[in-house]
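Have the sequence and the 3D view open as you read.

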Amino acid sequence: LDEFVSGYSTGMKKKLAFQALLQQKNDFIVLDEPFNGVDLQGNMLIMGVVEKLKASGCTLIVSSHILSTLTDMCDEIFVIKNKVIEQVVDKTSYKDLEKSFNREWIDRKLAGIQL
């Protein structure tokens with residue numbers, strides 16, 4: 001309580017902002033990269049809160065570059081490329097999406113490496 005928020009770590013700022021968001025009791029919430037800069041316990045806490053929000057009927061939109069997080073928490077994933085929705089993936093296709101992204105990325109990276 002003796003500290004200004006500007007002195008908080010990135011994770012602490014995110015947790016504080018998340019708490020403030022929850023106090024608003026909105027039916028619709030947008031979370032932009034909610035797990036970046038947050039420690040493991042903070043990530044687990046955020047996941048638990050997201051599950052409770054979903055169970056209460058709250059609609060959440062989550063943006064993230066961490067595909068495994070999205071596959072664990074989302075009902076649908078919208079793949080956006082060049083500002084356009086390129087693909088909509090439901091729960092049954094998550095693992096295939098994850099494998100294809102990982103394989104595509106690895107193949108691109110390996111193409112430029114001479115061994």
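## Overall build

What share of the contacts in the protein with a separation of 6 or more comes from residues 24 or more positions apart? The share is 43%, where contact means heavy atoms within 4.5 Å. Before going on, note that this is a predicted model, in which local features need pLDDT of at least 70, side-chain atom pairs count only at pLDDT 80 or more, and totals for chains, interfaces and linings use all residues. Numbering starts from 1 along each chain as its sequence is written, and side-chain values use heavy atoms, with hydrogens and water left out.

The protein has four helices and four strands, and along the sequence they run α-β-α-β-α-β-β-α. These are DSSP runs numbered from the N terminus: helices are H or I with at least four residues, strands E with at least two.

## Size and surface

The radius of gyration, taken over C-alpha atoms, is set against a globule rule of 2.2 Å times the number of residues to the power 0.38. The protein has 17 Å, while a compact globule of 115 residues would be near 13 Å. Along the principal axes, its C-alpha atoms fill a box of roughly 55 × 35 × 25 Å.

Buried residues make up 27% of the 115. Here buried means under 20% relative accessible area, exposed over 50%, and partly exposed in between (1.4 Å probe, protein chains only).

## Two lysines with positive phi

K25 has a positive phi of about 55° without being a glycine. You'll find K25 in the loop between helix 1 (10–23) and strand 1 (28–32), and it is exposed, at 67% relative accessible area.

K83 is no glycine either, yet has a positive phi of about 70°. K83 sits in the loop between strand 3 and strand 4 and counts as exposed at 84% relative accessibility.

## V5 and its contacts

V5 lies in the segment before helix 1 and is partly exposed, at 40% relative accessibility. Leaving out residues up to four places away in sequence, V5 touches K13 and L16. V5 and L16 are eleven residues apart in sequence and 8.8 Å apart in space, C-alpha to C-alpha.
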